[in-house]
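Visitor: Before we discuss the fold, could you bring up the model for me?

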Amino acid sequence: MTAQSFITKEIEILVYNNDQTISVIATKGISLIGSADCSLLKDNVWYFNRLFIRPLFRGNSYATILLDKLLSIIKERNLVLKLDINPYGDMSYEQLEEFYIKHGFIKKEDRDYVFYIFNEKGKNESGINEHCK
């Protein structure tokens with residue numbers, strides 16, 4: 001496992017990763033702000049597990065900071081990130097969909113299943129990523 005640390009907007013961003021998981025964690029002093037996590041599905045396709053910001057810290061763009069850092073790692077490594085939207089907090093499905101599309105996710109549909117993909121590399125001529133069929 002490797003770890004990196006960055007300081008931005010008076011918070012510390014920690015990145016932990018190995019060959020199965022990538023976690024981006026934000027802290028302020030000794031307080032945990034939140035995290036963004038993904039795990040390996042197969043080959044270069046990763047599954048976005050969650051983005052969570054503690055209620056005390058919401059509304060300060062920390063979700064964007066964490067997601068942007070995670071997506072920069074995904075791009076840098078030429079990986080594909082797959083996401084299902086499952087609202088269980090304060091935001092509706094529509095709000096979450098707008099948030100993720102704003103950050104570069106593309107909506108895909110396969111029969112009755114809707115999912116979102118980030119990082120266009122690896123697509124075939126039809127525009128469909130072979131790993132995401």
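Visitor: Which residues have the most contacts inside the largest nonpolar core?

Guide: A nonpolar core is here a set of buried Ala, Val, Leu, Ile, Met, Phe, Trp, Tyr and Cys residues joined through side-chain atoms within 4.5 Å, where buried means under 20% relative accessible area with a 1.4 Å probe and protein chains only. The largest such core has 32 residues, and those with the most contacts inside it are Phe48, Leu81, Tyr100 and Phe105.

Visitor: Which element supplies the largest share of this core?

Guide: Helices (H or I, at least four residues) and strands (E, at least two) are DSSP runs numbered from the N terminus. Elements that each supply at least two residues include β5 (45-53), β6 (80-83) and α2, but the largest share, eight residues, comes from α1.

Visitor: How far can this model be read, and how are residues numbered?

Guide: This is a predicted model in which local features need pLDDT of at least 70 and side-chain atom pairs count only at pLDDT 80 or more, while totals for chains, interfaces and linings use all residues. Side-chain values use heavy atoms, with hydrogens and water left out, and residues are numbered along each chain as its sequence is written, from 1.

Visitor: Is Glu97 buried or exposed?

Guide: Glu97 lies in helix α2 (residues 93-102). Leaving aside neighbours within four places in sequence, Glu97 is in contact (heavy atoms within 4.5 Å) with Ile85, Lys107 and Tyr116. Because its relative accessible area is 16%, Glu97 counts as buried.

Technical notes:
Buried means under 20% relative accessible area, exposed over 50%, partly exposed in between (1.4 Å probe, protein chains only).
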